[in-house]
Amino acid sequence: MTETPVEPDPQPVPTLNIANVLTTLRIIMVPFFVWALVADDQQHGVLRWVAVALFALAMYTDKLDGDLARSRGLITNFGKIADPIADKLLLGAALVTLSWLGELWWWVTIVILVRELGITALRFAVIRRGVIAASRGGKIKTVTQTAGLFLMLLPFTPDIGWLTVLALAVILLAAAITVYTGIDYIVQAARMKPAPDGREAA
């Protein structure tokens with residue numbers, strides 16, 4: 001009788017890998033981004049461009065670390081937790097700083113931040129029932145938030161021009177999608193029911 005060969009256990013993915021390094025780098029860039037934006041003092045000079053470059057580079061690392069993690073099998077528990085935290089830190093920092101500088105309405109920042117923090121808390125609250133999967137709308141929300149903030153960060157002149165109007169329109173669209181997807185996630189969570197045997201399941 002031929003024995004079936006035993007497959008070796010897969011090697012655990014090390015936490016210290018290129019994808020997680022990029023995620024950590026994105027978190028580290030946040031205070032430097034905020035400093036450059038504030039230090040420019042709305043002069044729309046070199047430091048403003050530095051802030052724009054840091055924001056763009058940080059958002060690029062978001063795509064890059066995800067691509068590397070999936071293509072090279074570098075998905076770790078640290079990455080699953082740190083990646084969304086890094087995204088929220090960067091986008092939240094941009095929203096709050098722009099509002100503090102008087103370039104973005106505070107109500108937009110508050111609506112977006114309350115939604116983001118609320119849905120994050122909701123995910124943890126229902127985790128025993130199941131995972132609330134990221135929807136297509138959630139991805140569109142992130143893209144529009146990023147695009148709107150990038151446009152608002154560009155060194156505009158003080159006069160309201162078409163680019164400023166476009167930036168405000170995109171960020172308002174992002175706020176609307178943010179609210180809509182937040183309601184959708186709440187509905188998903190409400191539909192989760194305990195399994196018949198008493199255990200909770202999605």
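Trainee: Which residue forms a salt bridge with arginine 26, and how far apart are the closest N and O atoms?
Mentor: Arginine 26 forms a salt bridge with aspartate 62, and the closest N and O atoms are 3.4 Å apart. A salt bridge here is a side-chain nitrogen of Lys or Arg within 4 Å of a carboxyl oxygen of Asp or Glu. Arginine 26 lies in helix H1 and aspartate 62 in helix H2, so this pair ties together parts that are 36 residues apart in sequence. Helices (H or I, at least four residues) and strands (E, at least two) are DSSP runs, numbered from the N terminus.

Trainee: What kind of model is this, and what pLDDT do local features need?
Mentor: This is a predicted model, in which local features need pLDDT of at least 70 and side-chain atom pairs count only at pLDDT 80 or more, while totals for chains, interfaces and linings use all residues. Residues are numbered from 1 along each chain as its sequence is written, and side-chain values use heavy atoms, with hydrogens and water left out.

Trainee: Back to the pair: are arginine 26 and aspartate 62 buried or exposed?
Mentor: Arginine 26 is buried, with a relative accessible area of 0%. Aspartate 62 also counts as buried, at 17% relative accessibility. Buried means under 20% relative accessible area, exposed over 50%, and partly exposed in between (1.4 Å probe, protein chains only).

Trainee: What about arginine 26 and aspartate 87: what is the N to O distance there?
Mentor: Their side chains meet in a salt bridge at 3.1 Å, N to O. That pair links distant parts of the chain, with arginine 26 in helix H1 and aspartate 87 in helix H3, 61 residues apart. Aspartate 87 is buried, with a relative accessible area of 14%.

Trainee: How many salt bridges are there by this rule?
Mentor: The count comes to six. One of the pairs is arginine 48 with glutamate 103, whose side chains meet at 2.8 Å, N to O. Arginine 48 lies in helix H2 and glutamate 103 in the loop between H3 and H4, so the pair ties together parts that are 55 residues apart in sequence. Arginine 48 is buried, with a relative accessible area of 1%.

Trainee: New topic. How many helices and strands does the protein have?
Mentor: The protein has six helices and zero strands. Of its 202 residues, 40% count as buried.

Trainee: Which residues have the most contacts inside the largest nonpolar core?
Mentor: They are Phe33, Phe55 and Leu149, in a core of 31 residues. Helix H1 (18-39), helix H2 (46-71), H3, H4, helix H5 (136-153) and helix H6 (162-191) each supply at least two residues of this core. A nonpolar core is a set of buried Ala, Val, Leu, Ile, Met, Phe, Trp, Tyr and Cys residues joined through side-chain atoms within 4.5 Å.

Trainee: And what does phenylalanine 33 touch?
Mentor: Not counting residues up to four places away in sequence, phenylalanine 33 touches Ala51, Leu54, Phe55, Leu90, Ala93, Ala94 and Leu153. Contact means heavy atoms within 4.5 Å.

Trainee: Where does glutamine 145 lie, and is this residue buried or exposed?
Mentor: Glutamine 145 lies in helix H5 and counts as buried, at 3% relative accessibility. Leaving out residues up to four places away in sequence, glutamine 145 touches Leu91, Ile112, Glu116, Ile171, Ala174 and Thr178. The C-alpha atoms of glutamine 145 and alanine 175 are separated by 7.7 Å, although the two are 30 residues apart along the chain.

Trainee: Now the surface. Which residues form the nonpolar patch?
Mentor: Val38, Val96, Trp100, Trp106, Ile110 and Val114 form the patch, with about 590 Å² of accessible area together. Patches are made of residues with over 30% relative accessible area and no salt bridge: like charges are joined within 9 Å, nonpolar side chains (Val, Leu, Ile, Met, Phe, Trp, Tyr) within 5 Å. Accessible areas come from the Shrake-Rupley method with a 1.4 Å probe; for residues, only the protein chains shown count as cover.

Trainee: Which helix gives the most to the patch?
Mentor: H4 does, with three residues. Tryptophan 100 lies in helix H3 and counts as exposed, at 59% relative accessibility.

Trainee: Is threonine 97 buried or exposed?
Mentor: Threonine 97, in helix H3, is buried, with a relative accessible area of 8%.
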